[in-house]
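Please read the following report with the sequence and the model side by side.

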Amino acid sequence: MKRPSRIPSAICLLLLLSAVHGCAESRKFKEASPLSFLEKEIVRELNMARTDPKGYASLLEKWKPYYDRTLLKLPGEIPIKIKEGWMAAEEAIRFLRSTQPIPQLTLSQGMSLGARDHVKDQGSSGSSQHKGHDGSQPWDRVNRYGTWQKIIGENISFGHNKARNVVMTLIIDDGVPNRRHRKNVFDPNFRVMGVACGPHSTYRTICVITFAGGYQEKN
């Protein structure tokens with residue numbers, strides 16, 4: 001029997017700034033490789049949740065058999081130690097049923113490249129934080145490839161290899177005060193996003209999702 005993983009299911013950062021952050025780094029823009037299947041599916045799942053929250057609540061209800069008190073046993077993944085159990089999922093279902101649809105997020109190449117930089121940094125080191133080993137924060141990384149506007153945030157998911165599992169756990173936000181990840185997912189002020197996933201030396205998989213109110217790609 002596999003021991004339950006004590007991975008941090010996700011971490012979150014949200015910054016609300018009123019002005020456009022204009023100090024983009026001068027690093028040369030590098031060509032983006034196509035999104036992986038997992039990354040494409042995360043974009044699809046996030047937009048499904050934002051545009052049809054009541055429908056997404058019905059999908060979340062199907063997770064009840066995967067809960068075993070303080071363990072979340074998703075098919076094909078290592079069991080994850082959680083704090084609140086099914087009560088957190090029930091609270092998320094109520095939230096989804098009471099939430100009005102909001103616009104889809106548009107995928108940004110530059111923001112995805114910034115997210116990919118952090119995936120490589122955290123994945124190789126086995127770390128689980130927003131600050132990179134070079135001292136960079138999310139706004140620094142996305143500004144390497146363009147300029148973010150109005151508002152910026154970042155969610156990081158660990159240990160999940162399926163897009164729905166990534167998005168559902170961000171929405172449930174078990175054990176996270178104020179449901180900060182969920183607020184990022186459903187913030188109507190966010191209009192663009194970047195996403196990158198990759199291997200993690202401690203938690204197997206890491207996915208970084210960045211959000212912004214707008215984004216100007218670097219030419």
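In which kind of crossing, left-handed or right-handed, does helix 2 pass helix 3? Helix 2 passes helix 3 in a left-handed crossing, where left-handed means that the near helix is turned anticlockwise from the far one by less than a right angle, and right-handed means that it is turned clockwise.

## The model and its overall make-up

This is a predicted model, in which local features need a pLDDT of at least 70 and side-chain atom pairs count only at pLDDT 80 or more, while totals for chains, interfaces and linings use all residues. Residues are numbered from 1 along each chain as its sequence is written, and side-chain values use heavy atoms, with hydrogens and water left out.

The protein chain contains seven helices and eight strands; helices (H or I, at least four residues) and strands (E, at least two) are DSSP runs, numbered from the N terminus. Of the 219 residues in the chain, 53% are buried, where buried means under 20% relative accessible area, exposed means over 50%, and partly exposed lies in between (1.4 Å probe, protein chains only). Contact means heavy atoms within 4.5 Å, and among the contacts in the chain with a separation of 6 or more, 77% are between residues 24 or more positions apart.

## Helix 2 against helix 3

Two packed helices are described by the angle between their axes and the distance between the axes. The axes of helix 2 and helix 3 come within 7 Å and cross at roughly 160 degrees, the axes being lines fitted to C-alpha atoms, for helices over the stretch in contact, with angles that run from 0 to 180 degrees between N-to-C directions. That makes helix 2 roughly antiparallel to helix 3, since angles under 35 degrees count as roughly parallel, over 145 as roughly antiparallel, 65 to 115 as roughly perpendicular and the rest as oblique.

The contact is made by Pro53, Lys54, Tyr56, Ala57, Leu60 and Glu61 of helix 2, together with Trp86, Ala89, Ala92, Ile93, Leu96 and Arg97 of helix 3. By class, the contact of helix 2 with helix 3 has nine nonpolar, no polar and three charged residues; here Ala, Val, Leu, Ile, Met, Phe, Trp, Tyr, Cys and Pro count as nonpolar, Asp, Glu, Lys and Arg as charged, and the others, Gly among them, as polar. Arg94 also has its place in helix 3, and at 53% relative accessibility Arg94 counts as exposed. The C-alpha atoms of Arg94 and Ala57 are separated by 7.8 Å, although these residues are 37 residues apart along the chain.

Among the buried residues of helix 6 are Ala163, Asn165, Met168 and Ile172. Just after helix 6, Asp173 takes a positive phi of about 60 degrees.

The axes of helix 1 (residues 37-51) and helix 6 come within 8 Å and cross at roughly 45 degrees, which makes helix 1 oblique to helix 6. The crossing of helix 1 and helix 6 is right-handed. The residues in this contact include Leu38, Ile42 and Met48 of helix 1, and Val166, Val167 and Ile171 of helix 6.

## The nonpolar cores

A nonpolar core is a set of buried Ala, Val, Leu, Ile, Met, Phe, Trp, Tyr and Cys residues joined through side-chain atoms within 4.5 Å. Of the 40 residues in the largest nonpolar core, Ile42, Leu60, Trp63, Tyr67, Ile171, Ile172 and Ile209 touch the most other members. Helix 1, helix 2, helix 3, helix 6, strand 7 and strand 8 each supply at least two residues of this core, and its largest share, seven residues, comes from helix 6.

Leaving aside its neighbours within four places in sequence, Trp63 is in contact with Leu72, Leu74, Trp86, Arg164, Asn165, Met168, Thr169 and Ile172. A second, separate core of nine residues includes Ile152, Val192, Ala212 and Tyr215.

Ser112 has its place in helix 4, and at 6% relative accessibility Ser112 counts as buried. Ser136, found in the loop between helix 4 and helix 5, counts as buried at 6% relative accessibility. Asn161 is found in the loop between strand 6 and helix 6, and at 38% relative accessibility Asn161 counts as partly exposed.
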